[in-house]
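I opened the file to look up a few local features and write down what I found. The entries follow in the order I made them.

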Amino acid sequence: MVSLRTAACVIACLLVPSALGATADTVDHVHVNASGRNSTRSFSLALSVDVALVSGYARRSFDGDEGNWDGPGYHATLKPTLDGVTHLGWGVTFEVASEISLEGLAKRYALDIGSWRVLQQGPKTIPHVINGRTVGSITGLMLLTQAPGDTAAAFSSAIAFPLCRGVLGVAHFSTLTPSSSGANPFGSYVVDDGTDVQAWNRDHVTAALDGVVLNGYLPATRLTAAARRGSVQGVLRDCVGHPMPGVAVKVGKARAVTTASGSYRARVRAGSYVVSASAGGGSVRRVVRVRTP
């Protein structure tokens with residue numbers, strides 16, 4: 001069985017370094033279609049999973065899809081010189097749905113292995129944002145787990161969520177420092193403001209899930225086009241059914257831009273028109289005939 005010390009090393013090495021109070025400069029963007037990811041090659045280069053820094057932590061490092069945050073210091077209640085720094089590591093990963101289930105993905109990255117125990121499991125939504133505006137949400141599965149032992153202060157959390165085109169994503173977080181709230185024979189470990197480290201780690205590895213956001217266009221897949229006297233109008237949606245604002249729709253030689261609700265309207269003369277739009281790595285087209293008024 002893998003020891004807690006070994007697990008901590010593995011996580012720390014793999015996870016080189018809205019949450020509470022997150023601002024634009026404390027958000028890291030993990031691009032879905034990044035170099036070397038074959039499963040996500042058909043997605044837009046601009047689409048990202050954003051991870052917001054949790055309040056109380058400072059960014060140590062970020063390498064594109066993994067990061068490390070340093071939290072407040074901690075010390076033993078009966079020996080203040082026995083101290084260290086709390087730490088949270090995170091990562092975002094993408095998998096093929098035909099090779100693993102949503103639950104299996106969440107369990108793998110929430111460290112639901114061996115004697116780690118599940119404290120919480122259930123549905124959780126991720127906001128989908130385009131140009132700063134929320135257009136919908138994606139429901140995923142979250143897990144919160146704890147290392148074995150009543151004094152264990154090592155926790156892991158994950159939210160696995162479906163995208164489309166057979167791709168699943170997962171954002172995962174681990175707080176493995178310190179691994180225990182017990183500092184025998186020197187009392188117990190507390191963070192420097194007096195909070196028990198077990199409560200601190202659990203609260204913040206859970207809060208980290210609230211800072212996960214899907215940002216940008218998913219592939220366009222649905223386009224309606226209805227002929228009206230003197231115009232063509234409809235709605236553009238992506239592969240999960242969310243509206244796609246700010247996208248150019250061509251109606252023959254005419255051009256319209258979708259509104260916040262994904263709708264468009266182009267004035268045209270009588271005739272047959274090809275209606276088309278491309279966004280997020282997807283293209284759609286319809287043919288419509290406008291009759292003489």
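I count a residue as buried under 20% relative accessible area, exposed over 50%, and partly exposed in between. By that cut-off aspartate 28 is buried, because its relative accessibility is 7%. I note here that the model is predicted.

Entry: overall. I looked up the make-up of the protein and found three helices and 19 strands. The C-alpha trace spans about 90 × 35 × 30 Å along its principal axes. Buried residues make up 48% of the 293 residues. I read an accessible surface of about 13600 Å², with 51% of it belonging to carbon and sulfur atoms.

Entry: salt bridges. The count came to six.

Arginine 59 forms a salt bridge with aspartate 28, with the closest N and O atoms 3.2 Å apart. This pair links distant parts of the chain, since arginine 59 is in strand β3 (residues 58-62) and aspartate 28 in strand β1 (residues 27-31), 31 residues apart. Arginine 59 is partly exposed at 35% relative accessibility.

Arginine 60 and aspartate 70 also meet in a salt bridge, at 2.8 Å from N to O. Arginine 60 lies in strand β3 and aspartate 70 in strand β4, so the pair ties together parts ten residues apart in sequence. I have arginine 60 as partly exposed at 48%, and aspartate 70 as partly exposed at 25%.

Aspartate 210 forms a salt bridge with lysine 124, with the closest N and O atoms 2.7 Å apart. Aspartate 210 is in the loop between α3 and β11 (212-215) and lysine 124 is in strand β6, 86 residues apart. Aspartate 210 is partly exposed at 35%, as is lysine 124 at 22%.

Entry: aspartate 50. I asked which side chain of opposite charge is nearest to aspartate 50. Aspartate 50 sits in strand β2 (residues 48-52). Its side chain makes a polar contact of 2.8 Å with the side chain of serine 48. Beyond its neighbours within four places in sequence, aspartate 50 is in contact with residues including Asp28, His29, Gly211 and Asn215.

Entry: helix α3. In α3 (residues 197-207) I listed Val197, Trp200, Asn201, His204, Val205 and Ala207 as buried. Seen down the axis of α3, the buried residues fall within an arc of 155 degrees, so they line one face of the helix. An α-helix has 3.6 residues a turn, so residues three or four places apart point the same way. The cover over the buried residues of α3 includes β5 (79-96), β7 (133-146) and β9 (167-177). At the start of α3, a side-chain oxygen of aspartate 196 comes to within 2.9 Å of the backbone nitrogen of glutamine 198.

Entry: backbone. Most residues other than glycine have a negative phi, and most peptide bonds are trans. I therefore wrote down the exceptions below.

The bond joining threonine 177 and proline 178 is cis, with omega about -5 degrees. The bond from asparagine 184 to proline 185 is cis, with omega near 5 degrees. Proline 178 is in the loop between β9 and β10, and proline 185 is in the loop between β9 and β10.

Asparagine 131 has a positive phi near 50 degrees and is in the loop between β6 (117-130) and β7. Asparagine 131 is exposed at 65% relative accessibility. Arginine 165 has a positive phi near 60 degrees and lies in the loop between β8 and β9. Arginine 165 is partly exposed at 42%.

Notes
Residues are numbered from 1 along each chain as its sequence is written. This is a predicted model: local features need pLDDT of at least 70, side-chain atom pairs count only at pLDDT 80 or more; totals for chains, interfaces and linings use all residues. Side-chain values use heavy atoms; hydrogens and water are left out. Helices (H or I, at least four residues) and strands (E, at least two) are DSSP runs, numbered from the N terminus. Buried means under 20% relative accessible area, exposed over 50%, partly exposed in between (1.4 Å probe, protein chains only). Lys and Arg count as positive and Asp and Glu as negative; His and the chain ends are not counted. A salt bridge is a side-chain nitrogen of Lys or Arg within 4 Å of a carboxyl oxygen of Asp or Glu. A polar contact is a pair of N or O atoms within 3.5 Å; within protein, one must be able to donate a hydrogen and the other to accept it, and residues adjacent in sequence count only if both atoms are side-chain atoms. Contact means heavy atoms within 4.5 Å. The arc is that of the directions from the helix axis to the C-beta atoms. Accessible areas come from the Shrake-Rupley method with a 1.4 Å probe; for residues, only the protein chains shown count as cover.
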